[in-house]
Amino acid sequence: MNKMLTPHSEAELAECIAAAHAPLHIIGGGTRGCAVAGDALTTQGLSGVELYEPGSLTLVAKTGTPLAEIETLLASEGQRMAFEPMDMRGLLGCSGAPTIGGAFAVNSSGPRRIQGGAARDYLLGVRFVDGSGQVIKNGGRVMKNVTGYDLVKLMAGAHGTLGVLSEVSLKVLPIPEASATVSLAVANLAVAVQAMSAALGSPFDVTGAAYDPAVGLVHIRLEGFAPSVAYRQEKLTADLARFGTAETRHSSEALWQDIGFVAAFAGRVGDVWRISVKPSDAPRLAPLLGAEALQFDWGGGLIWALTPEGADLRTCMAQAGVMGHATLVRGSGETLATLGRFQPQVRPLEEISKGLRQRFDPRGLLNPGLMDTASMTPGVMG
Amino acid sequence: MEMPPPDPAILARKAHLVARLAAVLPGDALIQDPRETRAYECDGLAAYRCPPLLAVLPRSTQEVSDILRICHEEGVPVVPRGAGTSLAGGALPTADSVILGVARMNGVLETDYEDRVIRVQSGRTNLSVSGAVEEEDFFYAPDPSSQLACAIAGNIAMNSGGAHCLKYGVTTNNLLGVTMVMMDGTVVEIGGAHLDAEGLDLLGVICGSEGQLGVVTEATLRILRKPEGARPVLIGFDSNEVAGTCVSDIIKAGVLPVAIEFMDRPCIEACEAFAKAGYPMCEALLIIEVEGSEAEIAHQLRLIVEIAQRHNPVELREACDADEAARIWLGRKSAFGAMGQINDYMCLDGTIPVGSLPLVLRRIGELSQEYGLAVANVFHAGDGNMHPLILFDANKPGDLELCEEFGAEVLKLCVDVGGCLTGEHGVGIEKRDLMLYQYTPRDLEAQLMVKDVFDPKWLLNPAKVFPLSISEDRRRAALAAE
């Protein structure tokens, strides 16, 4: 019977890891589908915002703090997490409360990635416990910091395999006064990518560019002060007229949430892949994927594909000669075991990654096998 | 600043090393004459100098790979060098090291407007990256003050920022991929034109690693379309505290200017004497720039002016045309030159939480009195990245040491209020010994482990970033293994 470890302080977390002898399955809110075999170690007991300075645009929180709690606090000061962390509960069909630590551990970034950056770009500092039970800090709570190596970035997206985050400090941003979405009816994917490229290459500061092939609509999001949004919406609509007819909606929060959370795939049977490519490669690659449904974000650079179980999209990419990578976000235990969750890396990079894991987690206790593409251990749906 | 003594065994093998490198490099890429290697004896931190054993100036990734493989086999330390503009001694050689300069690798490899990326060789200067995409009205966002001279290679090594990174981020936020040569000569590709690289964020840890993990030879950078226009406003206050509060209020109000620059009285006076930009004589001056269309600019400036007026500014000057905008920026842009004309100076780079500005400025003023050295403050206020310039006289015995001691006090103060030692210049040798003030030995051990993985023999820029006492065992072990 597997145990559940719930440390209530960073010191207890360090004790838990130092005393562990068997693999640990690190859980934030348990909503990211990254379960591995082993005793569960949850950050639920490490909860609470420790510092919030709206005038400095910074917030420091323990990693088990629910995202919802942070969002509510920020909204009370008219601010937000601009990286739009993805809520995967619908897509993965699981329950639980997503945490701030989990969002950063998987570098969860939404549609605003194209303009404002990924989750990792907002992470200013971390405290974590490595696989030897040592408490380590890196970065801080200031916007600019080049003091020593940037382990903050390394920890963002490491899926807990280099250490368990205990505290994060992040940059937050004001919620803009207004937003609008220009929706453009286009003929096909190629035109959609051209339209999104034109929008993203315009001076109009686009903060979202997605395409839903099911309805043939390109969505372009604008945010800012009301007069500015109105001006840019008008200019952009005129600029994009050559690609299709446009309509503007002024309340589009739900639309972008659905895009970011890939709501269209929720409850549908099949594997879910997340593919990162150069936007202009999307039209060439997409028809080869054999997908039952597709969704395009990041101007075409982020492809979500719903495929029949067991399809290997990485082979499709290689055959098409498309650079990038594909992550199997949702799949049966068997498919995950066969294909691996993450794209295998070329040998020298794989050796660097392995070397880092060996040093930060010499006993191989932290989410073992989760990111290790060479020797995948079967994952289980969480 | 102490540097490790050169290894006599390496010095004795110079002819052998020259012969091996000459076999893989064209004649003009290898510099061994002591009269010529002197050109590489220092970078922008000119107080410290030491000619290298050799300098090599490769033209391709393959040549870089050959050089590193040979130096790796021979156990010779390599100090990578971009344009040599580091203010922290990042490119300072030791007598037993090879300087690997990438300045000749300055080409544009691919420009892709549809995907909004450019791929360049790393020796290309920062400003000429923007220059390469200017005709399509695009630009590369990070804009360090030295952008006319500094190379992308050095920008990546130090994770450089600039005045406009409040809105656009620093190098790490604009770097999508690199071709990098490892110390053993292995060439790796990380990331590319897609927005996120797979696996661990190696790109993130390479950016800002001060040339200690590998030599970047090519980079894929995000390019952005230029805004329709930009305009600054100049606001003068009769106290630093009030100016600091005004910055905080603007940010809280939801306005995010592209730049908020701050100058204090000593800096205003020096700039005015030098550049005659017509600045008001007051205690503190803010230059705030916003972007967009004419109407958008006017709207944002109106909000900023409204906030500023609540703080009783002594001067408020909006630029009405390009000429007035240039005049507002003129003084700020010549700040470093202006200070250099008055005296020798040391430029600090600590970053603090924006809310601590008044406290830190007051304390710097007190320290200035205690040390008897004048200080002028000019910095990026929106993100708390301070640049106190401490004036000293290099010809006066003991003055440099006094200045360094004062500088260290200021940087410790930055850490004490929740900030850090360096916001955009890097640690180099300059702040190496202060690392233990910000980090515990265990925190630093985690960073050393990263270098162990990338460069197990500790040959790449080995005497930088970490206090020598902390890196000593590893550097020794590498030597003993030879």
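Angles between axes under 35 degrees count as roughly parallel, over 145 as roughly antiparallel, 65 to 115 as roughly perpendicular and the rest as oblique. The structure described here is a predicted model, in which local features need pLDDT of at least 70 and side-chain atom pairs count only at pLDDT 80 or more, whereas totals for chains, interfaces and linings use all residues. Residues are numbered from 1 along each chain as its sequence is written, and chains are lettered from A and ligands numbered from 1 in the order in which they are written.

In chain B, helix α9 (residues 240-252) packs against helix α11 (residues 294-309) at an angle of about 140°, with the two axes 10 Å apart; helices (H or I, at least four residues) and strands (E, at least two) are DSSP runs numbered from the N terminus, and axes are lines fitted to C-alpha atoms, for helices over the stretch in contact, with angles running from 0 to 180 degrees between N-to-C directions. The helices α9(B) and α11(B) are therefore oblique to each other, and their crossing is right-handed, the term used when the near helix is turned clockwise from the far one by less than a right angle, the anticlockwise case being left-handed. At this packing, B:C246, B:D249 and B:I250 of α9(B) meet B:I304, B:I307 and B:A308 of α11(B), where two residues are in contact if their C-beta atoms, placed from the backbone, lie within 7 Å. The contact of α9(B) with α11(B) comprises five nonpolar residues, no polar residues and one charged residue, with Ala, Val, Leu, Ile, Met, Phe, Trp, Tyr, Cys and Pro counted as nonpolar, Asp, Glu, Lys and Arg as charged, and the others, Gly among them, as polar.

Chain B also contains an open sheet of five strands in the order β5-β6-β10-β8-β9, with antiparallel pairing, two strands being paired if DSSP finds at least two bridges between them. Strands β5 (108-112) and β9 (187-191) of chain B stand at the edges with a single partner strand each, so one side of each is left without a neighbour in the sheet. The twist in this sheet averages 10° from one strand to the next. β5(B) pairs with β6(B) (residues 117-121) in the antiparallel sense over four bridges, and B:E110 stands opposite B:R119 in β6(B).

An open, antiparallel sheet of five strands is likewise found in chain A, in the order β4-β5-β9-β7-β8, with β4 (49-53) and β8 of chain A as the edge strands, each pairing on one side only. Strand β7 (residues 123-129) of chain A and β8(A) are joined in the antiparallel sense over five bridges, with A:V126 opposite A:N138 in β8(A). Helix α1 (residues 10-19) of chain A lies across β7, β8 and β9 (164-171) of chain A and runs at about 50° to β7(A).

Chain A is divided into domain 1 (4-174), domain 2 (178-261) and domain 3 (263-339), the bounds coming from an automatic or database domain assignment. Seven residues of domain 1 of chain A are in contact with nine residues of domain 3 of chain A. On the domain 1 side, α3 (89-92) and α5 (113-116) of chain A are the elements that give two or more residues, and α3(A) gives the most, with three residues.

The contact between the chains takes 67 residues from chain A and 73 residues from chain B. On the side of chain A that touches chain B, α13(A) gives the most, with eight residues, and the residues of that side divide into 29 nonpolar, 25 polar and 13 charged.
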